[in-house]
Amino acid sequence: MASRPILAGLLLLCAVPACAQPARGAAPAFEQRIVAILNAGGTADTIQGRLTRVGSDPDLTVNQRVAVDALRTLVRSRGKPSGLSIAEAEAFAARNPGSPASALLIAEAALANDQPQRSADALIAAAPQAGSLMQLVSPTMISKLSDELDALSDKKRTSGLAKVLLGAGWGRGSASLRSYLAVAAIREEVSAGRFDEARRFLPA
């Protein structure tokens with residue numbers, strides 16, 4: 001079949017880690033500020049204080065303000081032995097219905113409470129509305145989530161997660177993690193015969 005050479009060629013390309021990295025644009029200013037704060041580290045109080053200052057910007061959208069509140073909730077939870085509970089995340093979502101940040105917080109809580117499939121589902125569902133806010137999803141979380149989905153042999157959710165992250169321009173984490181996601185996305189598209197879609201995840 002004519003599709004076989006195409007399949008072989010795409011899989012050969014995506015088998016090389018250095019090539020399996022989609023082109024990524026710069027994150028918008030808000031997301032850049034938040035990621036810089038999270039990467040800088042410090043105590044929970046220090047990080048929360050920096051987030052609060054960003055959240056006080058009168059030019060932020062409603063979704064951006066809720067995202068700041070969600071991250072402050074997440075940072076506070078890291079001081080607890082059990083981390084962020086699903087009840088806390090669901091209570092936050094009830095206070096902020098329809099917010100993509102609520103779904104991102106539920107994804108964090110689900111993963112922390114041994115529910116990786118729910119975590120992936122929350123991220124995948126939130127992505128269309130979240131847009132550039134997907135940049136706020138931590139590489140540590142994505143690495144752990146990918147590992148747990150792999151342990152469950154859940155290729156469908158792995159590829160779905162990869163496609164929404166890379167489609168949103170998510171460019172955090174190591175080159176090997178981004179390559180893993182790109183390979184998962186490409187294989188899913190190729191197996192379905194969507195070669196043009198698969199090429200979106202190859203380097204420009």
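Is Glu 189 buried or exposed? Glu 189 counts as buried, at 4% relative accessibility; buried means under 20% relative accessible area, exposed over 50%, partly exposed in between (1.4 Å probe, protein chains only).

I noted the conventions next. The model is predicted, so local features need pLDDT of at least 70 and side-chain atom pairs count only at pLDDT 80 or more, while totals for chains, interfaces and linings use all residues. Residues are numbered from 1 along each chain as its sequence is written, and side-chain values use heavy atoms, with hydrogens and water left out.

I then looked up the partner of Glu 189. Its side chain meets that of Lys 163 in a salt bridge (2.8 Å, N to O); the term requires a side-chain nitrogen of Lys or Arg within 4 Å of a carboxyl oxygen of Asp or Glu. Lys 163 lies in helix α9 (residues 155–167) and Glu 189 in helix α10 (residues 175–191), so the pair ties together parts 26 residues apart in sequence. Helices are DSSP runs (H or I, at least four residues), numbered from the N terminus. Lys 163 is partly exposed, at 22%. A network of salt bridges links Lys 163, Glu 188, Glu 189 and Arg 194. I found 11 salt bridges in the structure.

I also checked Arg 118, which forms a salt bridge with Glu 90, the closest N and O atoms being 2.9 Å apart. Arg 118 is partly exposed at 32%, and Glu 90 is partly exposed at 37%.

Last, I looked at Ser 102 in helix α6 (residues 100–112). Ser 102 is buried, with a relative accessible area of 4%.

Methods. Helix = DSSP H or I, 4+ residues; strand = E, 2+ residues; numbered from the N terminus.
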